[in-house]
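Dear colleague,

Please find the structure below for your records.

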Amino acid sequence: QVQLVESGGGLVQAGGSLRLSCAASGRLFSTYVMGWFRQAPGKERELVASISASGGGTTIANSVKDRFIISRDNAKNTMYLQMNSLKPEDTAVYYCAADKMGPGTSYRYWGQGTQVTVSS
């Protein structure tokens, strides 16, 4: 069983930055594809970014491309999401996920989420 704990969310003005962290328990972190998702009120959950087990490959949603950067430190069992030039539409609960299952966006393990609020 893997436990994921997100941190780093908060309230920020438009144009500001935040860095989210996702700390994972267990010894298999370095074998998992990881992802960041977000869900805004009244909207479906969407994949923001994903990163390969080694960190050498990443995907970024078009809506955050050139503003968000996903990374990981396998020695620290931690994944990050650097969010720059934040916009009010980035307001959502952000979740980290581990152990991608199959070609879609299903992941085995999920964190509890951290709220990001961007004021205009």
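**Findings**

T114 is buried, at a relative accessible area of 10% (buried means under 20%, exposed over 50% and partly exposed in between, with a 1.4 Å probe and protein chains only). This is a predicted model, in which local features need pLDDT of at least 70 and side-chain atom pairs count only at pLDDT 80 or more, while totals for chains, interfaces and linings use all residues. Residues are numbered from 1 along each chain as its sequence is written, and side-chain values use heavy atoms, leaving out hydrogens and water.

T114 belongs to strand β11, residues 114-119 (strands are DSSP runs of E with at least two residues, numbered from the N terminus). Not counting residues up to four places away in sequence, T114 touches E6, S7, G8, G9, L20, A92, V93 and Y94 (contact means heavy atoms within 4.5 Å). Its side chain reaches the backbone nitrogen of G9 at 3.3 Å.

V118 also lies in strand β11 and counts as buried, at 5% relative accessibility. Beyond its neighbours within four places in sequence, V118 has contacts that include V12, L86 and P88. V118 and E89 are 29 residues apart in sequence, with 7.6 Å from C-alpha to C-alpha.

Turning to the sheet: 4 strands form an open sheet in the order β1-β3-β8-β7, with antiparallel pairing (two strands pair if DSSP finds at least two bridges between them). Its edge strands, β1 (4-7) and β7 (68-73), each pair on one side only. Strand β3 (residues 18-24) is joined to strand β8 (residues 78-83) by 6 bridges, and R19 stands opposite Q82 in β8.

With kind regards

Note on methods: Polar contact = N/O pair within 3.5 Å; in protein donor to acceptor, adjacent residues only side chain to side chain.
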